[in-house]
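Me: I would like to go through the terms used for this model and see what each one rests on. Please set each value against its cut-off.

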Amino acid sequence: MEHTERFKASKSSEGRYRMLVDAITDYAIYMLDPDGIVTSWNPGARRFKGYDESEIIGENFSRFYTEEDRKAGLPQRALKTAEREGKFEQEGWRVRKDGTQFWAYVVIDPIRDSAGKLVGYAKITRDLTERRKAEAALRESEEQFRLLVQGVTDYAIYMLNSEGYVSSWNLGAERIKGYTPEEIIGQHFSRFYTEEDRQAGLPQKALETASREGRYEREGWRVRKDGTTFFASVIIDAIYNPDGSLLGLAKITRDITEQTKAARALEATREALLQAQKMEAIGHLTGGIAHDFNNLLMAVQGSLELLQRRLPDADPKVAQLLDNARQGAQRGAALTQRMLAFARRQELKLVPLDVRDVVQRMTNLLQSSLGPSIRIDAHFPVNLPKINADSNQFELALLNLAINGRDAMPKGGSIVIAAAERTDVPGLKAGHYLCVSVTDTGTGMDEETLKRATEPFFTTKGVGKGTGLGLPMVHGMTEQSGGKLVLKSTPGQGTSAELYLPVAPDETASVAKEGAPGASHTGKKRQLSILTVDDDPLVALNTSALLEELGHTVYSAPSAMHALEILRREKTIDLLITDQLMPDMTGSELATRIRAEKAQFPIILATGYAELAPGEGEGLPRLAKPFSQRELAEAIARAVIPDAPRRTIA
Ligand SMILES: Nc1ncnc2c1ncn2[C@@H]1O[C@H](COP(=O)(O)OP(=O)(O)OP(=O)(O)O)[C@@H](O)[C@H]1O
Ligand SMILES: [Mg+2]
């Protein structure tokens with residue numbers, strides 16, 4: 001039925017319009033008479049406003065307005081405006097039948113007859129609620145985003161147009177670069193680059209890369225308004241219009257100066273730690289080797305000495321060979337001493353030392369070791385405090401450094417030995433130090449050599465020329481004395497080795513204790529019963545042989561327990577000579593056990609190196625391994641003073 005009616009209506013033009021209007025559901029299209037009474041109604045109007053045609057025709061259109069709008073006379077005014085101006089157009093809230101509201105876009109057109117008389121109004125209304133909501137949401141999100149970007153202070157976020165002129169500026173940009181938005185918007189971004197980078201065309205390259213590839217990322221130095229620089233991480237992103245054309249460039253810059261610094265510092269610390277660990281490991285290894293070597297050398301040296309004596313009338317050729325062997329063993333002993341010094345296992349006798357005196361005493365030695373082409377100067381301030389150091393080791397260190405200087409100056413040059421007071425040296429305990437420096441005008445060292453110079457066995461002097469143990473010895477000695485060695489070198493200019501050593505705590509208090517009274521008795525021979533303890537049979541054998549040759553009666557024990565047994569059994573024993581480091585009980589522990597019963601019993605501690613923990617074996621006379629027969633005899637004389645009140649040892 002509908003179908004045929006429509007078909008009929010479509011025959012007339014009025015009917016066709018009617019059909020059109022009736023088909024429209026997205027717009028409310030209806031007519032009003034001149035007073036605003038609804039005279040027609042379409043499905044769109046029904047859909048938006050909720051009224052059926054029968055309910056609404058004959059009603060005034062003002063009911064579609066809100067209460068306030070009605071009170072304000074808006075409906076009448078709308079009609080008046082339409083009549084007067086030929087059109088009324090507005091957006092506003094309208095009311096549905098169920099009382100709910102919607103946001104409407106309204107157009108009212110006056111309708112006139114052919115004579116121009118007003119016959120009514122055509123009214124078209126559209127529901128824009130959804131669009132309005134979407135627009136509001138968009139506005140809100142844009143505003144939020146703007147506030148977000150604006151408020152970020154850790155990142156400079158700003159826009160450049162396609163030519164690189166600044167078009168927006170956030171708080172972070174202001175904070176990091178120092179410009180206010182007024183100062184910088186409209187300026188070219190190349191001003192943030194350093195002069196060199198600008199000259200190298202970096203800003204332009206960045207812009208081109210970002211435009212071409214959509215993104216540019218780099219780290220580099222940038223300049224603030226005040227001219228200071230900072231290390232920046234920069235990202236430039238190209239922003240395109242929906243049609244694909246370039247709208248501009250978003251630039252995000254972060255100040256990473258601090259992070260970069262921190263990262264570098266961390267890297268340096270890690271490297272230093274690695275180096276320290278390496279040295280520590282080499283130290284252990286070297287110390288261990290040197291310890292075993294020391295014992296072997298002792299056996300060799302001792303046996304050679306005995307051999308030499310027992311072959312008094314040997315043929316001069318044999319004597320010569322023996323002598324060579326002994327010298328070799330001595331050189332070996334000197335080497336192991338350097339290794340032990342590096343491993344910080346040298347037994348140091350720390351005494352107050354006047355550096356000026358030491359250097360003066362050494363002048364002849366130095367001059368003859370260095371040769372005439374090297375000039376030696378000493379610069380010391382008038383009041384120089386004494387240092388706390390081992391006299392022999394300190395002299396050895398100076399000699400090593402001076403010889404290194406000589407080797408670096410094959411054509412001659414000068415060496416300056418100087419000293420200066422320092423407090424609070426970085427890397428050392430707070431306190432008072434003396435910096436003793438040996439400076440040459442030689443070849444200097446490149447970075448790699450300088451880094452490795454204190455490693456044991458590192459040498460650039462070629463096989464047979466350098467052992468690579470000179471600086472390690474100096475390094476170990478200073479560290480063991482509570483100081484440190486610092487090397488400074490410039491290739492082609494020279495090298496300066498600085499020994500930082502602690503100033504003696506109370507220069508007057510400690511006067512060398514070791515020594516004189518016993519020494520004068522060395523000559524007096526007395527036959528003793530001596531017990532030696534050593535877990536190393538080679539060493540034990542050697543010591544016994546040396547002692548027997550001196551005319552003493554010797555008992556030998558391979559361990560502390562055995563020694564105690566022998567002591568209990570043999571009441572005639574006058575003296576104990578014990579090794580320190582032994583498996584079950586150490587030499588100093590053994591001494592404590594013996595002294596618990598016989599407080600005055602003479603004991604000599606033979607140690608290859610500083611095997612003693614602080615406080616251990618204190619007061620016991622020491623004998624440094626390897627020892628010669630003469631050193632052994634002297635130690636015995638000091639420990640057992642015949643015909644004199646026994647030395648109080650404790
Ligand atoms: N004053 C210096 N000038 C230039 N290079 C030096 C200087 N001192 C040390 N070196 C470098 O450091 C390396 C190690 O020095 P170190 O004293 O430890 O051993 P060495 O001198 O080679 O051997 P040794 O001291 O046993 O004769 C040297 O081979 C040399 O390359
Ligand atoms: Mg050297």
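This is a predicted model: local features need pLDDT of at least 70, side-chain atom pairs count only at pLDDT 80 or more; totals for chains, interfaces and linings use all residues.

Me: What makes Lys461 a polar contact of ligand 1?

Reply: A polar contact needs a pair of N or O atoms within 3.5 Å. A polar atom in the side chain of Lys461 is 2.6 Å from an oxygen atom of ligand 1, so the pair meets the cut-off.

Me: Why do Arg338 and Thr495 count as polar contacts of ligand 1?

Reply: For Arg338, a polar side-chain atom is 3.2 Å from an oxygen atom of the ligand. For Thr495, an N or O atom of the side chain is 3.2 Å from a nitrogen atom of ligand 1. The limit is 3.5 Å, so both pairs count. As for cover, ligand 1 taken alone exposes 590 Å², and the protein buries 92% of that.

Me: Which residues come nearest to ligand 1, and what makes a residue near?

Reply: A residue is near if one of its heavy atoms lies within 4 Å of the ligand. There are 21 residues around ligand 1, and Asp440, Thr459, Thr460, Lys461 and Thr467 come nearest. By class, this shell has 7 nonpolar, 11 polar and 3 charged residues. Helix α17 gives the most to the shell, with 3 residues.

Me: Why is ligand 1 said to sit in the second largest pocket?

Reply: A molecule sits in a pocket if more than half of its atoms lie within 2 Å of the pocket's grid points. The space taken by ligand 1 is the second largest pocket, so the term applies.

Me: What lines the second largest pocket?

Reply: The lining has 38 residues, and Asn400, Ile403, Asn404, Asp407 and Lys461 lie nearest the centre. Helix α15 gives the most to this lining, with 9 residues. The classes are 16 nonpolar, 15 polar and 7 charged. The volume of the pocket is about 880 Å³.

Me: What makes a space a cavity and not a pocket, and how many cavities of 30 Å³ or more does the structure hold?

Reply: In a cavity a 1.4 Å probe fits but cannot get out, whereas a pocket is open. The structure holds 1 cavity of 30 Å³ or more. The largest cavity has about 70 Å³ of space. Its lining has 13 residues, with Thr532, Val533, Asp534, Thr543 and Ile577 closest to the centre. The elements β16 (529-533), α19 (537-549) and β18 (575-579) each give two or more residues to that lining.

Terms used
Residues are numbered from 1 along each chain as its sequence is written. Chains are lettered from A and ligands numbered from 1 in the order in which they are written. Side-chain values use heavy atoms; hydrogens and water are left out. A polar contact is a pair of N or O atoms within 3.5 Å; within protein, one must be able to donate a hydrogen and the other to accept it, and residues adjacent in sequence count only if both atoms are side-chain atoms. Accessible areas come from the Shrake-Rupley method with a 1.4 Å probe; for residues, only the protein chains shown count as cover. On a 1 Å grid over the protein atoms alone, a cavity is a set of points where a 1.4 Å probe fits but cannot get out, and a pocket is an open set with protein on both sides within 12 Å along at least five of seven lines; lining residues have an atom within 4 Å of a point. Helices (H or I, at least four residues) and strands (E, at least two) are DSSP runs, numbered from the N terminus. Ala, Val, Leu, Ile, Met, Phe, Trp, Tyr, Cys and Pro count as nonpolar, Asp, Glu, Lys and Arg as charged, and the others, Gly among them, as polar. Grid points are joined across faces, edges and corners, and a volume is the space filled by probe spheres set on the points.
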